Amino acid sequence: MEKTRYKRLSGSQNLRQQLVLSTFTFTPIQIHDIRTNETWPGLRKYEVSLLKLLALVCHGCSFEINDTGTGFKFKPGIVMGGSKLEHDCGFERSIGYFLEPLILIGLFAKKPITITLKGLTNDSKDPSIDTFRSTTFPILKRFGVPSEGLELEIKSRGCAPKGGGEVVVAIPVVQSLTGVTWTDEGLVKRIRGVTFSTRVSVQSENTMVHAARGVFHPFLPDVHIFTDHRAGPQAGESHGYGMSIVAETTSGCYISADTTISHSRGEHISEVDYEKKELVPPKDVGLKIASVLLGEIGQGGVVDSNHQGLLFLLCALCPQDVSKVRVGKLSPYGIDTLRNINDFLGVKFVIMPCASTSTVLLKCVGCGLRNLSRKIS
């Protein structure tokens, strides 16, 4: 039997993208030197959980972690998909951490995926599930992903430390993506948002909403922010609150921002408790998230900085036609994505800064990835 030849990589910074690109290219990878200089070296629980998720939806996928946890080997398999799947994402990272790689590989599965994901629906590190529904899904549809079969249902919400969140995700399959020319950001015509809270007073949540609205109303009257109180069974052991907001433009772009504040204290938190317990006041949270969204809008581009990596990956996976997109200042994540795409797919982007708008135009010829598992109607 021929010995497996692994592509050698180091560090964990781009682990999610490297696993996805390994799967698309059927390239076995070996990643070493994972946090070797940190107090707690090696893979984290959420990274092992991601490996298990890939093994769940891919036939023949396997991984082997060394004794110290600072390295592992990964052999990609065939993306099978399937229905009635279930995965526990744990409590270290939110469900959003797992959703982007799952959606990308799921589009090229043999069968559509329907999976229940349990854990944190909102945290301070990853895009919230609301952002996926309001912003990520419209981006996918730009590239030819059908609306039918692309769904995310929130059963319950949960935040750190005990989670309790549960969502059901449906991912359709495509034969190939569609190249895009997407350079017109348009003007913001409306802002929508959703807040959530567990064991936090209603007045506190209202304060957060009014603070955010107060920032937007001088510029735009069409601002609506709704509330969602679907807390999971473990929510009683922690409390938290957060907001996800999205700006829709006249050209059909969606620019998003979100934030989550969570605490592990057992008691209910009222409006007067924040300063005493050294918590972030809801008013400050509302002002901050509004400021972040205005910053994302101000830098220009058809997507916000958190979605640059996804945008570039979709362009690179398109048929062998030219795709052209406009973004704001390239984010570190976006730059890393361009490098990974070139490393695995051999796709290079032409980058053209636009001095008049401080934006960046990028264009590439896609790698021509096709789903050959079966004919897709």
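Predicted model: local features only at pLDDT ≥ 70, side-chain atom pairs only at ≥ 80, totals over all residues.

Biologist: Now the pockets. How much space lies in the largest pocket?

Modeller: The largest pocket holds about 770 Å³. Its lining is made of 40 residues.

Biologist: Which residues lie nearest the centre of the largest pocket?

Modeller: They are Arg 93, Lys 125, Asp 126, Pro 127 and Asn 306.

Biologist: Which helices and strands supply at least two residues each to that lining?

Modeller: The helices are H1 (15-25), H2 (45-57), H3 (95-106), H4 (129-142), H6 (282-298) and H8 (332-345), and strand S15 (254-263) joins them.

Biologist: How do the lining residues of the largest pocket divide into nonpolar, polar and charged?

Modeller: Twelve are nonpolar, 14 polar and 14 charged.

Biologist: What is the volume of the second largest pocket, and which residues lie nearest its centre?

Modeller: The volume is about 230 Å³. Of the 13 residues that line the second largest pocket, Phe 26, Phe 108, Arg 370, Asn 371 and Leu 372 lie nearest its centre. H1 and strand S6 (78-79) each give at least two residues to this lining.

Biologist: What is the lining of the second largest pocket by class?

Modeller: Seven residues are nonpolar, four are polar and two are charged.

How values were computed:
Residues numbered from 1 in each chain as written. Heavy atoms only, no water. 1 Å grid on protein atoms, 1.4 Å probe; cavity = no way out; pocket = protein on both sides within 12 Å on 5 of 7 lines; lining within 4 Å. Points joined across faces, edges and corners; volume = space filled by probe spheres on them. Helix = DSSP H or I, 4+ residues; strand = E, 2+ residues; numbered from the N terminus. Nonpolar A, V, L, I, M, F, W, Y, C, P; charged D, E, K, R; others polar.
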